[in-house]
There are 2 protein chains.
Amino acid sequence: MAIKKALGIDIGGTKILYSVLDANGNILSEIKKRPTPKSAEEIISVLKSIIEEYYDEIDVIGLSSAGAVNLENTMVLSSTPNLPKGYNSIDFSMLSDKKVFVENDANCAVWAEYKSGAAKGYNTVLMATIGTGIGGGLVYNGQLFRGSTGNALEVGSMKIFADKRQKCTCGRYDCWESYASGTGLKNCAKIGALSYPEFKTSMLKDKKPEEITTYDITDGVEKGDAFCQKTFEQWQEYMFVGLVSLTDIFNPDCIVISGGMCEFVDIENLQTKINNESVVTSVTVKLAQTKNNAGMIGAGLLALQ
Amino acid sequence: MAIKKALGIDIGGTKILYSVLDANGNILSEIKKRPTPKSAEEIISVLKSIIEEYYDEIDVIGLSSAGAVNLENTMVLSSTPNLPKGYNSIDFSMLSDKKVFVENDANCAVWAEYKSGAAKGYNTVLMATIGTGIGGGLVYNGQLFRGSTGNALEVGSMKIFADKRQKCTCGRYDCWESYASGTGLKNCAKIGALSYPEFKTSMLKDKKPEEITTYDITDGVEKGDAFCQKTFEQWQEYMFVGLVSLTDIFNPDCIVISGGMCEFVDIENLQTKINNESVVTSVTVKLAQTKNNAGMIGAGLLALQ
């Protein structure tokens with residue numbers, strides 16, 4: 001019997017990434033990129049041409065996309081500002097006579113880690129993607145946890161204060177992602193600059209608080225700047241607070257940290273702190289392995305399920 | 001074919017509750033009570049005598065207990081201070097030659113509501129039990145969510161502040177249950193008495209802040225006392241903050257509120273607030289229907305699965 005193959009496609013805000021995969025997540029063709037078009041019609045036509053390119057080699061097509069996907073895995077119901085008008089009315093199952101399966105990018109990413117990455121062999125896998133915001137995904141007993149309508153794991157919206165202390169970019173208050181994401185690190189710096197005495201002697205002292213970037217802080221930490229270190233520790237504390245709550249909620253045996261900010265996280269220290277504080281059995285914390293290919297690999301693997 | 005019947009037994013801190021049930025959760029025998037003995041040996045002997053009493057009528061035995069239950073549903077690994085020494089080394093499967101199934105009380109309760117109570121027909125059911133503390137349970141796609149080792153849904157331990165503001169009875173800081181449980185209402189009163197100007201003219205003004213009870217507050221709310229109303233509103237706000245986070249995390253289509261404090265919750269208002277704030281699709285909030293029989297019914301129904 002021939003090995004089943006999937007075409008994995010990751011539809012990002014700026015680029016579309018794709019390649020052919022097998023059921024173990026092995027990448028069988030060169031990973032290619034195309035710019036993401038600005039209209040829904042053009043996205044359809046680019047996807048059709050990508051599928052055409054590999055049509056004879058593949059059995060199924062898996063698509064990874066931002067936004068909440070319907071329970072039938074055919075449409076992206078709520079899209080993001082990065083994706084064009086009309087995107088949420090595309091029926092992706094019509095793209096080909098072969099099976100087309102679309103899933104939310106965070107769900108694809110946790111699936112990729114569970115099937116072929118850092119979380120292989122674990123039972124309850126929580127992924128937290130720490131980037132500009134914070135996204136999440138969960139695999140439990142060999143299945144994606146999607147919630148009643150496919151919207152679950154909006155962990156970045158969990159509130160870590162209950163007194164309307166800091167407004168999030170979403171307009172609500174005290175979302176975890178406004179404290180513990182890349183944006184959160186900038187917020188920590190802004191607040192710290194106004195309250196930490198270490199700012200007066202910091203290498204950043206001439207910057208306006210609101211102009212301090214995440215790079216300024218991570219660079220300052222490397223150079224031993226006391227203000228940057230204090231800010232960074234506060235940021236890590238906020239990340240810890242959210243993760244220990246999620247550990248008590250899900251009782252995962254593995255947490256995978258991914259996203260643009262994950263390289264700055266002290267994984268070992270985070271794991272120790274979570275296990276000291278949590279009321280459930282201990283968890284292993286790992287860095288994601290599939291990196292930028294997570295969406296593409298996860299989408300392909302899900303389509304092959 | 002004869003209808004399958006279960007003996008449902010709820011092992012509480014002070015009493016053991018039991019009756020015979022069918023697979024629809026119908027109670028087929030008088031609900032009986034026995035005091036919970038003080039030693040593990042006596043618990044075993046009482047359970048054996050209860051099983052003996054109904055042995056010929058039943059097919060399976062379901063036990064509901066506080067504590068984390070192993071994945072095989074035969075033992076309670078971590079027990080609570082309310083249950084005797086040696087309790088966590090009882091192998092409940094040895095109680096009878098018929099199938100014995102033990103499950104955590106919060107898991108039994110959400111299962112009872114899902115199969116025969118307020119959450120019948122829903123897909124993703126979150127239960128929050130608001131009593132002295134806060135417990136939780138979740139059913140997703142027809143299955144209990146237990147986490148990697150059966151410890152999941154420790155929602156009372158979710159942190160709703162990230163700055164070590166209030167110590168919980170568990171010794172950690174800022175657990176949701178230290179703000180939004182019955183104990184939480186007392187904490188709200190204690191803090192409010194020291195900070196709300198309304199306390200000076202309250203019917204409770206002669207009480208020491210730490211002596212105000214939950215009854216004092218709920219009684220004062222009924223009598224229109226401004227301090228009690230303000231305290232109660234703060235308590236409801238804390239409950240809302242935790243529930244909206246859990247809604248974003250689980251994307252439930254139904255939340256069931258149970259426990260001793262649930263009668264004080266304005267369910268309709270809570271549902272409106274959650275749906276206005278949450279980033280996921282809307283949820284229905286309901287009061288539990290199975291009440292004090294939840295553990296017993298859920299255990300029996302799970303044993304019949």
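This is a predicted model: local features need pLDDT of at least 70, side-chain atom pairs count only at pLDDT 80 or more; totals for chains, interfaces and linings use all residues.
**Sheet**

I looked up the strand order first. The sheet is open and has five strands, running β3-β2-β1-β4-β7 in chain A, and its pairing is mixed. I noted the edges as β3 (32-35) and β7 (99-104) of chain A, each of which pairs on one side only.

I then went to the pairing of β1 with β4. Strand β1 of chain A covers residues 5-11 and strand β4 of chain A covers residues 60-65; the two pair in the parallel sense over six bridges. I looked up A:I9 and found that its bridge partner in β4(A) is A:L63.

**Helices on the sheet**

I checked which strands helix α2 of chain A (residues 105-116) touches: it packs on the sheet against β4 and β7 of chain A. The direction of α2 makes about 100° with that of β7(A). Helix α8 of chain A (residues 294-304) also packs on the sheet, and I list its contacts as β1, β2 (15-22), β4 and β7 of chain A. The direction of α8 makes about 135° with that of β1(A).

**Helix pair α5 and α6**

I turned next to helix α5 (residues 214-222) and helix α6 (residues 226-250) of chain A, which pack at an angle of about 115° with their axes 8 Å apart. I recorded the passage of α5(A) by α6(A) as a left-handed crossing. From α5(A), the residues A:I217, A:G220 and A:V221 take part; they meet A:F227, A:C228, A:Q229, A:T231 and A:F232 in α6(A). Sorted by class, this contact has five nonpolar and three polar residues, and no charged ones.

Notes
Residues are numbered from 1 along each chain as its sequence is written. Chains are lettered from A and ligands numbered from 1 in the order in which they are written. Two strands pair if DSSP finds at least two bridges between them. Helices (H or I, at least four residues) and strands (E, at least two) are DSSP runs, numbered from the N terminus. Two residues are in contact if their C-beta atoms, placed from the backbone, lie within 7 Å. Axes are lines fitted to C-alpha atoms, for helices over the stretch in contact, and angles run from 0 to 180 degrees between N-to-C directions. A crossing is left-handed if the near helix is turned anticlockwise from the far one by less than a right angle, and right-handed if clockwise. Ala, Val, Leu, Ile, Met, Phe, Trp, Tyr, Cys and Pro count as nonpolar, Asp, Glu, Lys and Arg as charged, and the others, Gly among them, as polar.
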